[in-house]
Amino acid sequence: MPSPSRRTVLATGPALGGTLLAGGLPAQARAAVPEGAADPWRTVLDDADLVWQRMPKTWYEGPYLGNGFLGSGIYAEPGADAESFSAVRFNVQHSEVQDHRPEFGSLFGLARLPLGYFTLEPVGTITGLDWRLRLRDAELTGTLTTDRGTLTLRALVHNSRSVLAVEVTPSEGERDFRWVFHPADAISPRAAFKPLPDGYQGNPAAEVAEHDGVLAAVQPLLSGGQHATAWRERTRGATRTLYVHVAHSYPTSTALDRALATVRGASALPYDRLAQAHRAWWNAYYRKSFLSLPDARIQRFYWIQLYKTASAARRDAPVMATSGPWLESTPWPNTWWNLNVQLEYWLIQGSNHLELDAVTRALSEYRDNLFKEVAERYRGDSLGIPRTTDPHLVNGAAGTLTGYGVGIPGQDPPTPEVGNLTWALHNVWLSYRHTMDESILRDVLFPLLRKAINYYLHFLEPGADGKLHLPATFSPEYGGNTRDCNYDLMLLTWGCRTLLESAELLGIDDELAPRWREVLAKRVAYPTDANGFMIGADIPFAKSHRHYSHLLAVYPLYELTGRTPDERALIEKSLAHWVGFEGALQGYTFTGAASMSALLGKGEDALGYLGELMTRFIQANTMYKESGPVIETPLSAAQSLHDMVCQSWGGVVRVFPALPAAWSDLTVHNFRTQGAFLLSAVRESGATRWVRLVSEAGAPCVVRHGITGPVEVRDARGRALRYSDAGDGAIRIALRKGETALITAKGDRPDLTIAPVEPNEAAPRWGLPV
């Protein structure tokens with residue numbers, strides 16, 4: 001257990017036989033830390049800081065800053081040879097900056113466009129550095145050492161002003177260091193990997209000029225519009241501060257004026273003044289939830305993913321592209337909908353960060369673009385989303401010979417990847433279930449899911465066996481089209497079930513409800529063979545494959561959960577067969593395997609898969625790469641941790657369902673579950689001591705608490721609450737909106753303290769420590 005000096009009490013109201021955890025904390029989990037007590041958030045965040053005592057050479061090694069829009073990756077500018085560094089590069093990229101030529105498709109004509117980078121060029125030769133990325137303030141600090149002196153720096157991408165600010169304090173010998181901006185060619189990054197489409201050419205060069213003391217690189221676009229990078233350096237005493245802002249406009253040419261105005265406003269403030277609001281936002285952000293576990297390296301990894309997510313995602317920002325707001329050389333310069341988006345956003349639910357949910361917002365805001373992605377004859381009642389889009393959910397296929405981006409089942413070409421919208425709407429359903437916000441269900445999920453499923457209904461056909469079958473569709477990336485593709489059958493099943501449940505909740509007597517019921521009753525069984533789930537009726541799973549698209553009914557849909565011995569055996573066999581093929585496995589193979597193992601209660605296996613991920617794929621700064629930078633895998637690893645700590649599918653909250661034996665102590669606070677409950681719980685010496693649930697919506701409360709023997713359930717004032725046995729180690733609690741339930745062993749009065757747990761052993765920090 002933590003020593004008393006590390007224990008922090010979050011308390012209001014009368015005690016419950018120990019130190020009371022606040023019974024009425026709001027969702028933001030604001031907590032007053034008693035004077036002199038250690039702050040648990042500060043403790044875990046400071047411990048998770050990344051450090052660099054060696055020069056990072058690539059984006060996969062260096063610090064990164066962002067606010068969902070503006071992003072900066074920081075690493076060395078190569079010198080004359082492989083071992084020398086002439087300067088430090090601060091990349092400048094923006095998630096809204098893209099081309100607007102849909103006739104060349106989403107990966108060229110609508111691609112994200114690179115902006116360029118600044119180099120911090122010292123007077124002397126770089127000999128060393130000592131940097132720290134301070135998570136709780138989202139700020140890079142440290143010193144660059146040369147043979148002429150030192151450059152002490154602080155840098156941030158401002159949370160609300162969207163300004164990159166870098167303050168540098170040079171020693172005497174480095175007073176003449178300089179900043180240089182290097183505009184990038186405004187061409188799709190995919191051009192370095194694939195042949196250019198006929199007729200495609202890069203945009204003209206950027207035009208750099210000074211505007212009353214502010215410099216700007218204006219990038220005109222062949223499609224019309226522009227983007228502009230504006231910057232200014234201000235000197236105050238011994239320090240010099242660089243202020244940078246990026247603006248994008250289409251089809252108008254207003255970006256320059258906006259960029260200049262923003263830089264002028266921000267540069268009027270010294271760095272510390274500018275940083276105040278920024279630090280306050282980040283400090284409050286982290287306090288919405290808390291997790292501490294005894295594996296120091298994984299705990300640090302987890303908090304870094306929360307930092308990374310808020311650096312890359314905001315509700316009003318574009319849905320994350322494959323590399324977030326940071327854009328490096330990549331064959332994937334846009335947003336991918338057959339796995340990447342879904343995995344990128346899963347961790348926002350449990351960590352209580354729905355303010356980052358751009359998926360629900362974007363699907364709602366740009367829904368009118370989705371009907372254009374299906375063939376014209378289906379647009380009256382159907383929607384779909386293709387494999388890739390720009391931030392406005394446009395693919396560009398409308399300008400091609402086919403005129404649509406989502407394939408037609410049974411036709412080849414194009415490859416008919418049909419289920420992407422339905423899978424994306426599962427993320428929307430998760431946002432609904434974790435908040436119980438009926439407006440999400442009524443205004444977004446139900447109308448969009450109805451049309452996504454309706455597209456399938458055009459093609460379902462009865463077979464000689466009396467079952468409903470799908471013509472050939474495509475399982476992401478496996479290769480080949482197959483009838484009764486599990487990717488689509490599993491999503492169709494989940495969609496029909498969710499539509500029926502949603503219609504009942506909303507009081508809608510939908511004319512399609514009988515058809516949805518028919519699908520559930522007559523849909524052909526998921527194709528399987530001796531090795532488990534097949535890709536589809538025509539294609540066995542017979543080669544190494546990174547996707548788990550043929551297993552979606554297991555995870556994340558939880559349609560099949562191992563509730564019978566035969567079902568469990570099928571899941572175990574399918575999982576082992578999938579990961580048993582080496583060669584094409586990638587990082588998210590192991591996050592999916594970890595979460596499926598967690599579903600089965602196999603904590604040791606889940607930890608083993610995460611260990612494979614960390615050893616084989618996660619880079620020095622916790623980024624991830626394949627042929628280019630992609631960020632979904634580390635973020636989905638955080639969700640795998642959530643699945644080990646808490647699961648809430650099927651109307652039951654499961655506390656600590658899949659912890660390995662080594663995690664004998666664990667603390668979770670304000671973890672958000674389905675049903676809109678905020679869960680806090682503590683595990684000590686291998687046993688769950690207490691569980692606390694706060695109901696935000698008054699939804700039915702069934703919890704598998706994991707406490708051995710008889711229990712007591714009390715409210716925030718210590719009064720007994722009614723509960724009943726729900727079977728399988730769970731209890732049902734009568735809990736109204738705003739009420740709290742505290743579950744303990746009968747007669748036990750544990751100390752209700754939220755504090756970090758002690759690590760089992762020391763571990764190196766992330767980054768590049770010596």
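**Close-up views of a predicted model**

**View 1. The largest cavity and its lining.** Nineteen residues, written 19 in the count, line the largest cavity, and Leu 430, His 434, Gln 639, Asp 643 and Gln 674 lie nearest its centre. A cavity is a set of points, on a 1 Å grid over the protein atoms alone, where a 1.4 Å probe fits but cannot get out; lining residues have an atom within 4 Å of a point. Two or more lining residues come from each of helix H7 (347-350), helix H9 (420-435), helix H16 (632-645), strand E24 (646-647) and strand E26 (666-673). Helices (H or I, at least four residues) and strands (E, at least two) are DSSP runs, numbered from the N terminus. The volume is about 240 Å³, taken as the space filled by probe spheres set on the points, which are joined across faces, edges and corners.

This is a predicted model: local features need pLDDT of at least 70, side-chain atom pairs count only at pLDDT 80 or more, and totals for chains, interfaces and linings use all residues. Residues are numbered from 1 along each chain as its sequence is written, and side-chain values use heavy atoms, without hydrogens and water.

**View 2. The cis bond at Pro 251.** Tyr 250 and Pro 251 are joined with omega about 5°. Pro 251 sits in the loop between strand E14 (239-249) and helix H3 (255-267).

**View 3. The cis bond at Pro 556.** Omega is about 15° between Tyr 555 and Pro 556. The loop holding Pro 556 runs between strand E23 (532-533) and helix H13 (565-579).

Key
1 Å grid on protein atoms, 1.4 Å probe; cavity = no way out; pocket = protein on both sides within 12 Å on 5 of 7 lines; lining within 4 Å.
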